[in-house]
Amino acid sequence: MSDGIKTLWKNEDYWAIWFGFVIIIGALLKWVPKIPKIGKWTDSPLDAFMIIKECVVAGNNFIPLLWLLVGLTVLMAIGMAFMKTVPVGRFIAGFAVIFILAVFSYWIATQTSIKHWGLSYAMWALIVGLLISNTIGTPKWLLAGARTELYIKTGLVLLGAEILFKKILALGPPGLMVAWIVTPVVVIFMYKFAVSGLKMKNKSLAIIIAAATSVCGVSAAIATAAACRAKKEDLTLAVGMTLIFTVLMMIFMPMAIKYMGMNAILGGAWMGGTIDSTGAVVAAGSMLGPEAEKVAAVVKMIQNVLIGVLAFCVAIYWCMVVDRDPGQSRPRAMEIWHRFPKFVLGFVAASLVFSVIVVPAMNGDFKLVESEFIKPVTKTLRGWFFCLAFVAIGLESNFKDLASRMEGGKPMTLYIVGQSFNLGLTLFIAYLAFMVFFPNAI
Amino acid sequence: MSIKRAKEWLKLIIGMSMLAAMVLFFTSGYTPPGLCGEVVRHNQLADIDASPFFYGDVENIWELVEGAEKLRAEARKTAN
């Protein structure tokens with residue numbers, strides 16, 4: 001049997017696609033039950049594990065969570081058995097502990113006040129993992145379960161199912177202008193500045209920071225890191241920076257906009273195009289009023305939709321340019337195919353399946369599609385896979401490696417310069433879009 | 001247990017204590033005084049979850065999108 005065929009069950013990228021589509025098909029055929037998640041809690045930590053129906057405690061999530069662990073273990077173990085990268089037994093032991101650490105991270109993140117602060121599970125999962133790896137060290141049997149790239153890629157394939165193109169015209173041309181003109185300009189500017197201006201050696205880190213700043217923070221960072229096969233430490237650094245600045249921008253931008261007496265719609269569009277996470281965008285937008293909140297949320301949503309395009313373009317660019325040996329001629333199509341991260345195709349395929357087949361089959365009722373298939377299964381599992389990934393990244397990272405990637409502060413300089421450029425350009429384009437070209441659009 | 005190993009466990013205990021302190025701090029409902037805390041206080045009052053990093057995770061995203069579409073439709077009516 002040729003090596004090409006063997007990669008279908010040996011290659012991690014393909015297994016991310018198989019896992020993703022097994023889950024998607026299971027969700028569509030209703031074979032996969034509603035996936036449990038850690039609920040909100042305020043004063044009593046145990047409330048996070050209670051199932052509340054119509055304000056009454058209807059049960060708890062402990063058994064469903066146990067079944068989730070069993071289900072994911074079986075699914076992943078099948079892949080491990082074929083890939084033969086780690087012994088299956090070791091993987092199972094490690095995965096169980098990583099799952100428990102993910103539950104712990106989610107449990108912290110679902111506390112009400114922590115949600116108000118905008119501190120997502122990604123941050124807590126990283127901290128928990130880093131805490132173990134930089135003190136007692138991550139034992140080898142635990143590392144066997146830390147299949148970071150597999151969790152990220154599987155989560156990204158499932159994320160594709162949530163990219164529904166239908167609503168990108170909610171704000172009309174001005175929304176598209178802000179989201180789709182500014183974003184590629186900022187990505188390219190930041191990457192060029194990093195490579196030519198700052199002379200950053202780590203191109204992967206540069207493109208991840210550029211993507212996180214210009215597109216939509218953590219999710220863009222994850223997709224880009226996977227597309228360019230970046231090291232985990234690069235993702236940790238970029239995510240850490242973006243999480244901190246997201247909270248700072250959420251706090252200070254609405255104040256600045258009010259102080260400047262800026263038009264609320266313009267302010268909402270500005271924040272939507274610059275604050276990195278949608279939750280923080282909605283929170284900040286709501287400070288300016290309901291109209292600004294809606295505009296901010298939709299601009300950020302339109303940017304989020306670009307994740308797939310970004311991942312695809314970065315993957316192609318990396319295959320054709322960055323990973324090419326100096327002096328080597330342009331790689332041929334087969335070479336590009338060989339190097340191309342296949343999970344990106346799974347991501348695009350999932351998006352197309354839902355946008356072009358599932359939603360039309362449900363008479364265009366995307367809300368029904370979301371409530372029946374996406375919310376109960378694919379979205380929840382996507383969150384679990386990303387949480388597992390961030391715990392695994394933390395377990396595999398150490399502070400010395402992270403410090404060595406700081407290159408004298410160049411990544412921070414890149415973020416600050418890039419975000420400043422992003423702020424200026426987004427405000428300019430948003431002004432043109434909402435105040436000049438289409439003043440009566442909203 | 002060697003001294004080195006004991007130090008590592010001690011670091012873990014200190015780290016976990018710092019994590020617990022961080023969690024206690026943020027779960028206490030504290031907000032920075034003045035303008036710096038305005039957004040967080042607003043989030044507390046309106047119970048806004050500012051943590052989702054993808055639009056699909058925002059609970060009321062489709063209400064917001066439909067609201068934006070309505071705004072656009074009303075603006076078009078007014079313009080016509």
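How many nonpolar, polar and charged residues does the lining of the largest pocket have? The model is a predicted one, and in it that lining divides by class into 18 nonpolar, 12 polar and 14 charged residues.

The largest pocket holds about 1,400 Å³ of space. Its lining comprises 44 residues, and those closest to the centre are Lys37(A), Ile38(A), Gly39(A), Lys115(A) and Glu59(B). Among the elements of chain A that each supply at least two lining residues are strand E1 (50-53) and helix H4 (88-109). The largest share comes from H19(A), with 8 residues.

Lys115(A) forms a salt bridge with Asp49(B), and the closest N and O atoms of the pair are 3.0 Å apart. The count of salt bridges between chain B and chain A is 6. Polar contacts between chain B and chain A, with both residues at pLDDT 80 or more, come to 21 residue pairs.

On the side of chain B that touches chain A, two or more residues come from each of helix H1 (3-27), helix H2 (38-46) and helix H3 (61-79) of chain B. H3(B) gives the largest share of that side, 13 residues. By class, the side has 28 nonpolar, 11 polar and 12 charged residues.

For the interface as a whole, 51 residues of chain B are in contact with 69 residues of chain A. About 5,400 Å² of area is buried between chain B and chain A, and carbon and sulfur atoms give 69% of that area. Within chain B, the residues that lose the most area to chain A are Phe53(B), Tyr55(B) and Trp62(B), which together make up 16% of what that side buries.

The second largest pocket has a volume of about 700 Å³. Of the 27 residues that line this pocket, Met123(A), Ile127(A), Leu130(A), Gly240(A) and Ile244(A) lie nearest its centre. At least two lining residues each come from helix H6 (121-133), helix H12 (232-260) and helix H20 (399-404) of chain A, and from H1 of chain B. H12(A) gives the most, with 9 residues. The lining of the second largest pocket divides into 22 nonpolar and 5 polar residues, with no charged residues, whereas the lining of the largest pocket has 14 charged residues.

Conventions
Residues numbered from 1 in each chain as written. Chains lettered and ligands numbered in written order. Predicted model: local features only at pLDDT ≥ 70, side-chain atom pairs only at ≥ 80, totals over all residues. Heavy atoms only, no water. Contact = heavy atoms within 4.5 Å. Buried area = accessible area lost by both parts, 1.4 Å probe. Salt bridge = Lys/Arg side-chain N within 4 Å of Asp/Glu carboxyl O. Polar contact = N/O pair within 3.5 Å; in protein donor to acceptor, adjacent residues only side chain to side chain. Helix = DSSP H or I, 4+ residues; strand = E, 2+ residues; numbered from the N terminus. Nonpolar A, V, L, I, M, F, W, Y, C, P; charged D, E, K, R; others polar. 1 Å grid on protein atoms, 1.4 Å probe; cavity = no way out; pocket = protein on both sides within 12 Å on 5 of 7 lines; lining within 4 Å. Points joined across faces, edges and corners; volume = space filled by probe spheres on them.
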